[in-house]
Amino acid sequence: MYNIAVIPGDGIGKEVVEATLTVLNKLPIEFNYTHLVAGDACKDDCGVALPQETIDVAKDSDAVLFGAAGETAADVIVRLRQELNTFVNLRPVKSLEPEKYGDIDFMIVRENTEDLYIGDEETTNDGAIARKRITKKASEKICDYAFKYAVDTNRSKVTAVHKANVLKVTDGLFRDTFFDIAKNYPDIEANDFYVDATAMYLITNPLDFEVIVTSNLYGDILSDEGAGLVGGLGMIPSANIGDDNGLFEPVHGSAPDIAGQGIANPVATILSACMMLDYLGESDYARQVEKVVIEVINEAKTVTPDLGGSASTQEMAEYIASKL
Ligand code: NAI
Ligand code: MG
């Protein structure tokens, strides 16, 4: 039995998490869910966006399944990643419809604990200042993770993304650390690009990428761009992994423009649950669910509007569950 902390959050977070539980409940695995609150509505109701109880239960769980927060995202998900010390955020950009999007398949390995996302901002006399923290230790850890990931998944290349021509000290440290770590992996090709050029190469040469390792902010931005290459934000899952905790969530946010309509694509969250199954050591079930998701998407019959169908979030999830 696995103890799962479930944090649906705001907007479509609630809808896609409910849909994902419909799928998980079809598996012959016993899950003990603890439903926890966090997000904008939670802040309105109880004064804080991320209650201590939510943090404590999440820390003690075997894994956390998270939906999305709204405007409180920095206080909720960015803080949760830091509290759980999940130092890596894995964001697979994989085309599930090769006929439409080609064979795009790369992994973004995003540093999850520092960079501008430490949120150290202050008002000054003439405006405002934000501090960007890059440490050697966190850079070593994330770069090593990326190379290990490449070895484990039979990839041949890791690309570091930074802006060391302008941010010479911070991003310079990240780049230099990357090439130091690369020396331990002589069989893996190591190269690097500036983040602005990467934003273009992802569109012009997406097949050239295998594993991207980058700092927090660039990873956030490039993963949404990656989503745009393979069918949108409804398609990209993510895993936040640390030494003691795993938190699994779609890359997208609370999508207020479609929230409450029951039309959000549940695939990103269902695939996040597959990453959770992998983390829990239930990879056979993870592959089974993935296979059915891919079949259902390509059949294009019972899918949500963003995938060209007219099914609701819950109808699509029930259809996926029915095929398991
Ligand atoms: P968003 O990711 O919520 O939505 C961007 C666009 O993608 C919207 O047009 C939305 O309708 C579409 N979209 C997203 N997920 C979808 C799905 N599953 N199916 C179909 N379409 C989908 O980003 P946005 O609009 O910039 O932010 C909305 C709110 O979410 C903000 O309050 C923001 O702070 C929060 N946010 C929270 C995150 C988190 O909790 N991890 C991450 C990103 C944003
Ligand atoms: Mg984002």
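The legends below describe close-up views of a predicted model. Local features require pLDDT of at least 70, side-chain atom pairs count only at pLDDT 80 or more, and totals for chains, interfaces and linings use all residues. Residues are numbered from 1 along each chain as its sequence is written, chains are lettered from A and ligands numbered from 1 in the order in which they are written, and side-chain values use heavy atoms, with hydrogens and water left out.

View 1. Ten strands form an open sheet of mixed pairing, in the order β2-β1-β3-β12-β11-β4-β5-β10-β8-β9. Helices (H or I, at least four residues) and strands (E, at least two) are DSSP runs, numbered from the N terminus; two strands pair if DSSP finds at least two bridges between them. Strands β2 and β9 (189-194) stand at the edges with a single partner strand each, so one side of each lacks a neighbour in the sheet. On average, and with direction ignored, neighbouring strands are turned by 25° against each other. Axes here are lines fitted to C-alpha atoms, for helices over the stretch in contact, and angles run from 0 to 180 degrees between N-to-C directions.

**View 2. Strands β1 and β2 with their crossover.** Five bridges join β1 (residues 2-9) to β2 (residues 31-35) in the parallel sense. Asn 3 stands opposite Asn 32 in β2. From β1 the chain passes through helix α1 (residues 12-24) to β2 in a right-handed β-α-β crossover; right-handed means that, with the strands pointing away from the viewer, the path from the first strand over the helix to the second runs clockwise.

**View 3. Strands β11 and β12 with helix α10.** Strands β11 (residues 237-241) and β12 (residues 246-250) pair in the antiparallel sense over five bridges, and Ala 239 stands opposite Phe 248 in β12. Helix α10 (residues 267-279) packs on the sheet and touches β1, β2, β3 (63-68), β4 (88-94), β11 and β12, where contact means heavy atoms within 4.5 Å. The direction of α10 makes about 160° with that of β12.

View 4. The whole structure contains ten aromatic pairs; rings of Phe, Tyr and Trp (its six-membered ring) pair if their centres lie within 6.5 Å, and planes under 30 degrees apart count as stacked, over 60 as edge-to-face and the rest as tilted. The rings of Phe 87 and Tyr 145 have centres 6.0 Å apart and planes at 80°, so this pair is edge-to-face. Phe 87 lies in the loop between α4 (73-83) and β4, and Tyr 145 lies in helix α6 (residues 136-152), 58 residues apart. Phe 87 is buried at 11% relative accessibility, whereas Tyr 145 is partly exposed at 24% (buried means under 20% relative accessible area, exposed over 50%, partly exposed in between; 1.4 Å probe, protein chains only). Lys 141 lies over the face of Phe 87, at 4.3 Å from the ring centre; this requires NZ of Lys or CZ of Arg within 6 Å of the ring centre and within 35 degrees of the ring normal.

View 5. Phe 193 and Phe 209 have ring centres 6.1 Å apart and planes at 70°, so they form an edge-to-face pair. Phe 193 belongs to strand β9 and Phe 209 to the loop between α8 (195-204) and β10 (211-214), so the pair ties together parts 16 residues apart in sequence. Phe 193 is partly exposed at 26% relative accessibility, and Phe 209 is buried at 3%. Phe 106, Phe 193, Tyr 201 and Phe 209 form one aromatic cluster.
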